[in-house]
There are 2 protein chains.
Amino acid sequence: MSDRQNSTRKTRSDKERNRTHILEVAEQFFGEQGVDGPMQAIAKRAGLGPGTLYRHFPTREALLVALLEARWNELEARRQAIEERGSDSVAALKAWLEALHEFVTAFDGLPAPLREASMDNTSPLTITCEDLVATTGHFLAAAQRDGRAHPWVGARELFLSVLATVWVTGAALADQASGQALQALLRFGWETPLPDTDAPPADRRPRPDLDPPT
Amino acid sequence: MSDRQNSTRKTRSDKERNRTHILEVAEQFFGEQGVDGPMQAIAKRAGLGPGTLYRHFPTREALLVALLEARWNELEARRQAIEERGSDSVAALKAWLEALHEFVTAFDGLPAPLREASMDNTSPLTITCEDLVATTGHFLAAAQRDGRAHPWVGARELFLSVLATVWVTGAALADQASGQALQALLRFGWETPLPDTDAPPADRRPRPDLDPPT
DNA sequence: GCACAAATGGAGGTTATGTCCGCATGGGAC
DNA sequence: GTCCCATGCGGACATAACCTCCATTTGTGC
């Protein structure tokens, strides 16, 4: 970023100015209306033509990527904090999932494009998603090594479960209670029952019987 | 339904004919394109003007309700079959959740309107959703009475978790594996660990600590 | 057949998306 | 300072979808 035009001219100053202004406006707008709000409205609120908006961010997703970048740094900091705290692996995983949850709750309607991105591989958001899955996998693996998480659970599933939880509760629109209960439900899903007997720690139960793929 | 005009005239025959034709076309169309496909296309494929389509089904949701009605009967039959089978409560709940899963997978994109409906209370789909939640609650309660499901789990959450699972896996578009793993994750969430010790059966663990509502 | 209520169909208002191109504006040479 | 021109701007426009309204057609009862 900020690499100047190596050929002849410096990039015009108004360009960068407009870019950041768009980002400010979009941040506010998405915060109010959710990520599905009309792009037009952002351009209008920024006092720019639609052409300019699309020149800077050719798709809604591109705009989202730029907006999430700032928050991504914050999330990364939180990840480090969790790791340096050196708490037990389950607490760490829980903390990370909560951080992830908050990240996905940043804007209303965010889960949908993230889900899309984690499937399609063609979206600019894909890399972000894969990073998030990777970090989730990092914490999950630690918990599994300690025998505190079922070994058959995957990082991708946990990530998707966070998306699903946020999606289903409508990003804070709807009842908090269901959201929390769902989170608890999922936690009970991955967490291993009890280290309070001295039986073999991890998989006291085998992988649950999955129905054949019909 | 099919109550004739009590005032003066019988309802015109072409009306009912068009209605059923629209339903046939819509069933196929939604099956192919998902429930978000353009309404126009349905009208066109049925050889009708958009006005006629909207006269019969004023909203996309109204059309969905009519389409789901047939499948709802099927689901109801399945419910009865499960109950008459008289299997154990956990198996019954599992079977019901699977039936529900298939119901929600009927059309691509179905989870979204159902979620909407189960929140808004203004949608024509709302009643359907509430019926589904009620039945889920029926099977869940039985399992809880047997101490085979965590007592703090609610019917609504289970229903929403089915919606969420289907949503996140993109209604059979995406990887089956993640979908099944998620289902397993959730099942581990609600199912009570083990009747293989003769300890008090149900809540071996208290309701998990929910974080205070921030 | 005839009259008329009922139903049709498509034209059209509205809102959103994304592109294209004439125009203005900022950067650099002098 | 001023002039040139590449760079970026802005909004008009092409496209697509939604949904409504009303002139026209069509089926029903007599």
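## The second largest cavity

The second largest cavity in this predicted model has a volume of about 60 Å³. The structure as a whole holds three cavities of 30 Å³ or more.

## What lines it

Which residues surround the second largest cavity? From chain A come A:S161, A:A164, A:T165, A:L182 and A:L186, and from chain B come B:S161, B:A164, B:T165, B:L182 and B:L186. In terms of helices, α8 (155–168) and α9 (176–190) of chain A each supply at least two residues of the lining, and so do α8 (155–168) and α9 (176–190) of chain B.

## A look at A:T126

Now for a residue in another helix. A:T126 is found in α7 of chain A, a helix that covers residues 126–145. Is A:T126 buried or exposed? A:T126 counts as buried because its relative accessibility is 7%, and the cut-off for buried is under 20%.

Setting aside neighbours within four places in sequence, A:T126 is in contact with A:A117 and A:N121. With A:A117 there is a polar pairing to inspect: a polar atom of the A:T126 side chain lies 3.2 Å from the backbone oxygen of A:A117. As for A:E116, ten residues from A:T126 along the chain, the C-alpha atoms of these two residues are separated by 8.5 Å.

Terms used. Residues are numbered from 1 along each chain as its sequence is written. Chains are lettered from A and ligands numbered from 1 in the order in which they are written. This is a predicted model: local features need pLDDT of at least 70, side-chain atom pairs count only at pLDDT 80 or more; totals for chains, interfaces and linings use all residues. Side-chain values use heavy atoms; hydrogens and water are left out. On a 1 Å grid over the protein atoms alone, a cavity is a set of points where a 1.4 Å probe fits but cannot get out, and a pocket is an open set with protein on both sides within 12 Å along at least five of seven lines; lining residues have an atom within 4 Å of a point. Grid points are joined across faces, edges and corners, and a volume is the space filled by probe spheres set on the points. Helices (H or I, at least four residues) and strands (E, at least two) are DSSP runs, numbered from the N terminus. Buried means under 20% relative accessible area, exposed over 50%, partly exposed in between (1.4 Å probe, protein chains only). Contact means heavy atoms within 4.5 Å. A polar contact is a pair of N or O atoms within 3.5 Å; within protein, one must be able to donate a hydrogen and the other to accept it, and residues adjacent in sequence count only if both atoms are side-chain atoms.
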